[in-house]
Amino acid sequence: MKPAPFEYHAPRDLGQALADLAGAGEHGKVLAGGQSLIPLLNMRLAAPEHLIDINGLAELATIDVDEHGVTVGALARHAQVERSPEAADAQPLLRLALRLVAHPVIRNRGTVVGSLVHADPAAELPAVLALLDGSVRLARRGSPEDPLTGPGTPANGTRWRDVPASEFFVGPLESAIQPGELAVSAYFPNLPERSGVSFREVARRHGDYALAGVAAVVTLDDDLLVGSARAACIGVGPVPLVVDVTEQCGHRPPSAVDWAAAARAVQAGTEPEADIHATAEYRRHLVAVIAEQALREAAGGA
Amino acid sequence: MEREITLVVNGVTRQVTVPVRRLLSDCLRHDLGLTGTHVGCEHGVCGCCTVLLDGDPVRSCLTFAVSVDGHSLTTVEGLAGPDGLSPVQRAFAECHGLQCGFCTPGFLCTATALLRDNPTPTEDEVLEGVSGNLCRCTGYQNIVKAVHRAAEIMAEES
């Protein structure tokens with residue numbers, strides 16, 4: 001088994017990568033960790049004419065943590081982010097989610113930003129980005145004809161835009177990234193104080209894509225009442241589904257909240273489909289069970 | 001489209017010209033003659049093709065050879081030292097951690113890196129560590145025992 005032939009580009013810096021992508025246009029595909037793309041190539045479900053391999057761009061293998069959040073560069077591997085104590089301190093949901101991503105060996109090679117761009121509706125990281133209202137930074141080469149290229153264009157001609165998670169995930173395996181663009185980083189905002197997180201999922205086998213999963217963030221206010229409760233579901237819709245259940249929590253202390261009712265509100269927003277692994281009805285059932293567990297756990301950690 | 005690449009495989013620098021679409025697993029087997037790396041599912045599920053890339057286990061079937069130009073690789077052929085089998089290899093033999101042997105190179109590479117990073121893993125850590133490798137013969141019990149036994153051997157010999 002081998003992929004269909006392609007032209008291979010191995011840029012050594014970001015400018016060259018963007019030039020290669022601009023040249024390839026809609027026939028180009030970025031190769032980062034390859035843990036989702038190469039299976040598609042091996043099975044010939046994808047056959048791009050140009051492959052732009054960014055593994056030589058060490059400048060993108062970054063994890064930057066500041067008081068606002070965690071910014072993960074396009075070449076930061078899952079394992080690198082999972083093991084970063086700074087990233088885990090700033091945004092504990094990242095490590096929780098990463099430990100559910102496939103197997104350790106896959107995480108040695110796969111990248112966080114690659115998972116986001118791949119936009120699998122059953123994948124964990126898109127749900128984390130969506131739940132936290134994070135964003136993805138997309139870069140492309142500017143050109144004289146480019147309406148966006150104006151006086152503010154940097155000297156190297158690179159243009160970039162930040163796309164919020166709510167607009168980034170368009171459909172199954174489809175993101176807002178356009179031909180010629182490279183996702184250079186993803187930004188995961190920090191949590192407010194007194195917040196707890198959880199990520200629960202049910203998979204046939206450990207490491208498989210989940211039949212259904214729920215990430216949750218619960219934040220308490222100054223009076224230690226539930227000020228905000230949100231959940232993001234995976235595997236039960238075309239894109240990660242974020243549901244705000246703050247209202248259902250009724251501004252009560254966590255111990256007095258009807259979490260089952262909140263979980264039913266999460267469930268109500270899902271549109272699962274059946275496949276060989278589970279029926280739609282079973283997935284809907286799972287969401288309610290997992291959402292209650294996740295919300296309770298998040299509230300307990302807040 | 002072909003490229004000349006340089007790989008340091010098991011400590012030996014190898015130069016080879018490969019089609020750019022050559023998977024690392026096929027490069028090792030067909031171009032370099034190192035058939036110890038086995039190819040099972042070719043989409044990253046079975047773990048048979050696991051090799052060490054700069055010391056870390058990766059799927060060689062989900063890596064292009066041209067992507068790792070200039071990097072170091074260790075395959076199952078490189079695990080044994082001058083004095084014979086490595087502690088992990090001896091433990092697998094001792095504990096009957098293999099039957100047909102098809103999955104074994106992947107398990108050996110995975111376990112070697114696991115024990116390097118964590119010389120005294122718990123039962124859960126071993127299970128998590130080898131969870132990405134499939135074995136259809138042993139039922140895993142003896143593989144897990146072998147990883148623990150390898151940890152003992154390494155502790156005894158250090």
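The exercises below, each with a worked solution, concern a predicted model.

**Exercise 1.** Describe how helix α2 (residues 87-94) of chain B packs against helix α3 (residues 104-117) of chain B.

*Solution.* Begin with the general idea that a pair of packed helices is described by the angle between their axes and by the distance between those axes. For α2(B) and α3(B) the angle is about 125°, and the axes are 9 Å apart. That angle makes α2(B) oblique to α3(B). The crossing of these two helices, α2(B) and α3(B), is right-handed. Next, look for the residues that meet: α2(B) brings Val88(B), Gln89(B) and Phe92(B), while α3(B) brings Thr104(B), Leu108(B), Ala111(B), Thr112(B) and Leu115(B). Sorted by class, the residues of this contact are 5 nonpolar and 3 polar, with no charged ones.

**Exercise 2.** Work out which elements of chain A supply at least two residues each to the side that touches chain B.

*Solution.* Start with the contact itself, in which 24 residues of chain A are in contact with 23 residues of chain B. On the side of chain A, the elements to find are β1 (7-9), α2 (37-42) and α6 (104-107). The residues of that side of chain A divide into 12 nonpolar, 8 polar and 4 charged.

**Exercise 3.** Find which element of domain 1 of chain A gives the most to the side that touches domain 2 of chain A.

*Solution.* First place the domains, which the domain assignment gives as domain 1 (1-190) and domain 2 (195-301) of chain A. Between them, 19 residues of domain 1 are in contact with 18 residues of domain 2. At least two residues each come from α5 (92-98), α8 (124-131) and β8 (169-171) of chain A, and α8(A) gives the most, with 6 residues. By class, this side of domain 1 has 16 nonpolar, 2 polar and 1 charged residues.

Notes
Residues numbered from 1 in each chain as written. Chains lettered and ligands numbered in written order. Predicted model: local features only at pLDDT ≥ 70, side-chain atom pairs only at ≥ 80, totals over all residues. Axes fitted to C-alpha atoms, helices over the stretch in contact; angles between N-to-C directions. Helix = DSSP H or I, 4+ residues; strand = E, 2+ residues; numbered from the N terminus. Parallel < 35°, antiparallel > 145°, perpendicular 65-115°, else oblique. Left-handed = near helix turned anticlockwise from the far one by under 90°. Contact = placed C-beta atoms within 7 Å. Nonpolar A, V, L, I, M, F, W, Y, C, P; charged D, E, K, R; others polar. Domains from an automatic or database assignment.
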